[in-house]
Amino acid sequence: MSRTNADSEYAFEVTAEKTLSRRDRIRHRVDQFLLAPARILWTDWRARIGLFIIGLFLFLSLIAPSLVARPEPLGPLLAAPWPWGTLEYPLGTTYLGESVLAQLVHGAPSMLKMILSGALFTVVVATVIGTTAGYKGGTVDGVLMTISDIAMTIPGLPLVIILAASLPIAGNPYLIGILLSINAWAGLARSLRSQVLTLRESEYVEASRIMDISLTRILGIDIIPNLMPYIAMNFVQQARWVIFNSVALYFLGVLPYSSTNWGVMMNSAYQKAGAVTSLEAFHWLAVPMFAVVLVALGLTLLAQSADRLFNPRVRARHAETVTGEDGPEEDEESEPTTSVGAVS
Amino acid sequence: MNYVLKRTGRAVFTVWAVITLTFGLIRLLPGGPMQALRGYLMQQNPSISPAELQARIEALTAISPDEPIWVQYGNYLWGLLQGDLGQSVWLNEPVSMVLAERAPWTLFIMTTGLFLMFVIGIGLGAFMAYREGSKFDITTTGVGILLQSVPFYVVGLVLIAFVGYQWELLPTGGHYASGVTPGLNLEFVISSIKHATLPVGSLVLTGFGGWALNMRGNSIRILGEDYLRVARLRGLSEGRIALRYVGRNALLPMYTLLLISIGYMFGGSVILEEIFAYPGLGRKLIQSIGRRDFPVMMGAFLLITIAVVIGVFIADLTYGLIDPRASGGAERESY
């Protein structure tokens, strides 16, 4: 095949001597996009703690609900958590005598659903809009960026609240996650666009253009893989934003729900047991709060260590992927990419 | 000048888009606020005649439902331009009146919070950068990361429970003590500050860490720049270098962040004010949902949005004062 091509009058038709089998290609892809980043992440202590916490959270929301019985009002009322109370109710009980632990566990799956759908929605919409605007330029760019600017300026939480009050949505956690991220894509789309602006001038993209490869293929194969680490980092950050604000809005009681979650727990502890005014019920409020902080901490650590993926020096060491050995660990001077510490 | 014009155009366009959105939500949504309001009014007064009902709705929302949609839209816009946001269903007062007494309080706690967060974060971050690698730097970085992961409302609730109820040091809600007469007297000022301490405190406690880490990162990057070495070789004083060379350049990217966080801050007021029972715009927004008071809800939303648009607008235009390179040219794409 390659022989005949070499004689052909079109030099560009020459294909590689060795063609990769489908399995090889998949293996390479997995290497490039999953294993290598994962190994880089693993060299960082922040990532290790972060991954551990997220693993715990996944266990809590995926496996634990089938191990722990649903909360039933059977126990003593407002029993204290373990060191002060009994081990039967390690995290204490609610004002109805339900186990707080059971509530925590059964509230976790809807948190996970919200986080996933919200972060995924943000990242997908932002990538589509950002890359299209950056690559196409011109009027398309102008229109898309004007829309993004507007979406960016509208304060997110009030918008979410009035939409939740006006739209007839039920308490589907996936929908709530998307609703919470309704304008979060705008900021990411903007920064992705500016990165695409530089990428689109690079030679290999130019080459693809000359070869008349379709827009979607250029974006999908030449451009987006370069943005992947950045997108992944924003996925994590958006996940944090969703968990912060979903819990807050459920706590305030302005979102509809069909199954219990941590914000609803906090709401009932606050409203029904006065967990803030008296310390008797404070554990009921403290447990979901602590859970939120822990998951957010895991996500923060993960996002912070993800900026190592940008660091070309660290990446280069892993470029040879799975077979390569790790060099001695040295701490690069990577400044943490932190988000604005504002009310987010 | 061209830039200012363009930027103004965008601000106006944003406000217009939000107005259109609220109009669409009120008017066009099947089973939305309009229907809910109609149901609510009929429930309140079952003997109401259709014409009366229509007139009542028209008075409340500044929208007359039986006219063609474009006329309704035009009237709505025209009303808003004159400051007519409709009438509160609950209080039977113009929405603009209800909101006008709330807005200053939101502005007060949010700007104070943002200002303190920014100043403390910048100072601490710069200091951390100068002491990079020291024990102080490492501990503060750790604390910063930890604080960043704590939502401000969690800190707020803990503060209310302990500082407010257990130790009874500070008031847990409201904007000033009930016996105090508002005005320029010492008692009122002290009372307002006392009432604002916990809400502002919970914002600052959870917020300054992020700013500090950012400032630290920026400063460290600049400390490694060549021009800094040149400045040292020229024998410039450390103070001058720290302020004019490192500080200024490290601050530039922070200014953009400040601009973005104005929106987050005012959006967050919804949660903060509700938790501290602080009578601002955000609390009004939440209250009005419970009371199905849609004109107030939309009005509060519009006002918060306009505040954010103005804030971002000012920050955008003044950016040129800090960074002379930026003046006149955001259209110059230099990413």
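A salt bridge, for this talk, is a side-chain nitrogen of Lys or Arg within 4 Å of a carboxyl oxygen of Asp or Glu. By that rule, the side chains of Asp149(A) and Arg10(B) form one, with an N to O distance of 3.1 Å. The model is a predicted one.

Let me place that pair. In general terms, side chains of opposite charge can pair when their charged atoms come close.

How many salt bridges cross the interface of chain A and chain B? The rule finds one there. Over all chains, the search of the whole structure gives eight. Polar contacts between chain A and chain B come to four residue pairs, counting pairs with both residues at pLDDT 80 or more.

Which elements of chain A supply two or more residues to the side that touches chain B? They are helices H5 (138–153), H6, H8 (185–199), H10 (215–252), H11 (262–273) and H12 (282–306) of chain A. Sorted by class, that side of chain A holds 37 nonpolar, 13 polar and six charged residues.

Now the extent of the interface. The size of an interface is often given as the accessible area lost when the parts come together. Here chain A and chain B bury about 5000 Å² between them, and 77% of that is on carbon and sulfur atoms. In residues, 56 of chain A are in contact with 63 of chain B.

Helix H6 of chain A, residues 156–166, packs with helix H11 of chain B, residues 238–275, at an angle of about 60°, and the two axes are 6 Å apart.

Last, chain B as a whole. Its secondary structure amounts to 13 helices and zero strands. The C-alpha trace of chain B spans about 85 × 55 × 40 Å along its principal axes.

Definitions and conventions: Residues are numbered from 1 along each chain as its sequence is written. Chains are lettered from A and ligands numbered from 1 in the order in which they are written. This is a predicted model: local features need pLDDT of at least 70, side-chain atom pairs count only at pLDDT 80 or more; totals for chains, interfaces and linings use all residues. Side-chain values use heavy atoms; hydrogens and water are left out. Axes are lines fitted to C-alpha atoms, for helices over the stretch in contact, and angles run from 0 to 180 degrees between N-to-C directions. Helices (H or I, at least four residues) and strands (E, at least two) are DSSP runs, numbered from the N terminus. Contact means heavy atoms within 4.5 Å. Buried area is the accessible area (1.4 Å probe) that two parts lose on being put together, summed over both. A polar contact is a pair of N or O atoms within 3.5 Å; within protein, one must be able to donate a hydrogen and the other to accept it, and residues adjacent in sequence count only if both atoms are side-chain atoms. Ala, Val, Leu, Ile, Met, Phe, Trp, Tyr, Cys and Pro count as nonpolar, Asp, Glu, Lys and Arg as charged, and the others, Gly among them, as polar.
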